[in-house]
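Dear colleague,

Please find below the structure that I am handing over to you. I would be grateful if you kept it open while reading the notes that come after it.

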Amino acid sequence: MDDTIALIEAAHRGDKEARDRLVMENMGLIWSIVRRFSGRGYETEDLFQIGSIGLMKAIDKFDLNYDVKFSTYAVPMIAGEIKRFLRDDGMIKVSRSLKEAAGKAKIITEKLHGEQGREPTIEEVAKEIGISSEELVMALDSQSEVESIYKTIYQGDGNAITLLDKLEEEVDANEELLNHMVLEELLSGLDEKERNIIQMRYFMDKTQTEIAKEIGISQVQVSRLEKKILQSMREKL
């Protein structure tokens with residue numbers, strides 16, 4: 001374990017030899033995962049190459065403060081890379097053994113939690129089931145749903161926030177300046193009440209309820225006004 005951590009530290013410093021050695025030492029791990037995806041209509045060598053990409057991502061992203069073995073962290077990264085590749089063609093299916101292991105894990109987790117009064121570790125659950133920690137991680141990962149970027153993650157005051165809203169975007173300085181100029185022009189075309197609502201809502205992060213109290217109208221009226229103002233701004237834009 002200490003040797004693996006030392007190699008990861010070196011790889012993070014840009015040591016290509018250390019990175020290559022980590023890949024070589026974990027080839028068996030990649031193959032063990034590739035075998036679970038055999039029979040999908042792809043050559044195992046191709047899946048191995050895809051899995052290797054997942055392993056290299058795991059090396060680059062592994063946080064040395066994680067209280068887990070590197071192999072435990074790498075399993076879902078490798079499997080995820082292969083699943084994304086297969087999912088493009090709609091070929092992926094979760095094996096029965098993985099489904100069964102995930103089901104057992106849920107039952108055992110609840111049982112151990114009741115007995116110990118705390119959340120059991122991956123190692124403890126895996127030991128109860130009789131499989132390795134890496135196999136358990138893969139089984140649990142196989143049950144994860146594919147998230148839509150349009151999935152609502154917060155609903156408040158009638159305005160939904162989706163995963164897409166939370167995605168980081170690369171910021172172009174010129175584009176940001178242009179957007180600021182356009183926004184200033186659009187705001188200048190609003191009357192004082194409308195401008196105050198937009199400024200409080202989007203620049204001061206106030207809720208519709210807070211705005212309603214401040215300007216002396218109902219939250220429903222604020223919601224209607226906000227929609228009307230935004231629609232007007234879109235049309236001008």
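Predicted model: local features only at pLDDT ≥ 70, side-chain atom pairs only at ≥ 80, totals over all residues.

Helix packing

I begin with helix α4, which covers residues 44-61, and helix α5, which covers residues 70-87. Their axes lie 8 Å apart, and the two helices pack at an angle of about 135°. An angle over 145 would count as roughly antiparallel; α4 and α5 are therefore oblique to each other. The crossing in which α4 passes α5 is right-handed.

Which residues bring these two helices together? On the α4 side they are L47, I50, G51, I53, G54, L55, K57, A58, I59 and K61, and on the α5 side they are F70, Y73, A74, M77, I78, E81, I82, F85 and L86. Sorted by class, the contact of α4 with α5 has 14 nonpolar residues, two polar ones and three charged ones.

Helix α5 also packs with α3, at an angle of about 50° and with the axes 10 Å apart. This angle makes α3 oblique to α5. The crossing of α3 and α5 is right-handed. From α3, the residues L29, I30, I33 and V34 take part, and from α5 the residues S71, A74, V75, I78, A79 and I82. By class, this contact of α3 with α5 has nine nonpolar residues, one polar residue and no charged residues.

A residue in a loop

N26 sits in the loop between α2 (16-25) and α3 (27-34). Is N26 buried or exposed? Its relative accessible area is 11%, and buried means under 20%, so N26 is buried. When neighbours within four places in sequence are left aside, N26 is in contact with L55 and F70. L55 is one of the α4 residues that meet α5, and F70 is one of the α5 residues that meet α4.

Salt bridges

Side chains of opposite charge can pair when their charged atoms come close. How many salt bridges does the structure hold? There are 10 salt bridges, and I describe some of them here.

One of them joins the side chains of D3 and R21, with an N to O distance of 3.0 Å. D3 lies in helix α1 (residues 2-12) and R21 lies in helix α2, so this pair ties together parts that are 18 residues apart in sequence. Both residues are partly exposed: the relative accessible area is 40% for D3 and 39% for R21.

K16 forms a salt bridge with D20, and the closest N and O atoms are 2.9 Å apart. K16 and D20 are separated by about one helical turn, because they are four residues apart in helix α2. K16 is exposed, with a relative accessible area of 59%, whereas D20 is partly exposed at 36% relative accessibility.

A further salt bridge is made by the side chains of E124 and R118, at 2.7 Å from N to O. E124 counts as partly exposed, at 25% relative accessibility, and R118 is also partly exposed, with a relative accessible area of 36%. Elsewhere, salt bridges with shared partners join D3, R21 and E25 into one network.

Yours sincerely,
A colleague

Notes: Residues numbered from 1 in each chain as written. Heavy atoms only, no water. Axes fitted to C-alpha atoms, helices over the stretch in contact; angles between N-to-C directions. Parallel < 35°, antiparallel > 145°, perpendicular 65-115°, else oblique. Left-handed = near helix turned anticlockwise from the far one by under 90°. Contact = heavy atoms within 4.5 Å. Nonpolar A, V, L, I, M, F, W, Y, C, P; charged D, E, K, R; others polar. Buried < 20%, exposed > 50% of the residue type's maximum accessible area, 1.4 Å probe, protein only. Salt bridge = Lys/Arg side-chain N within 4 Å of Asp/Glu carboxyl O.
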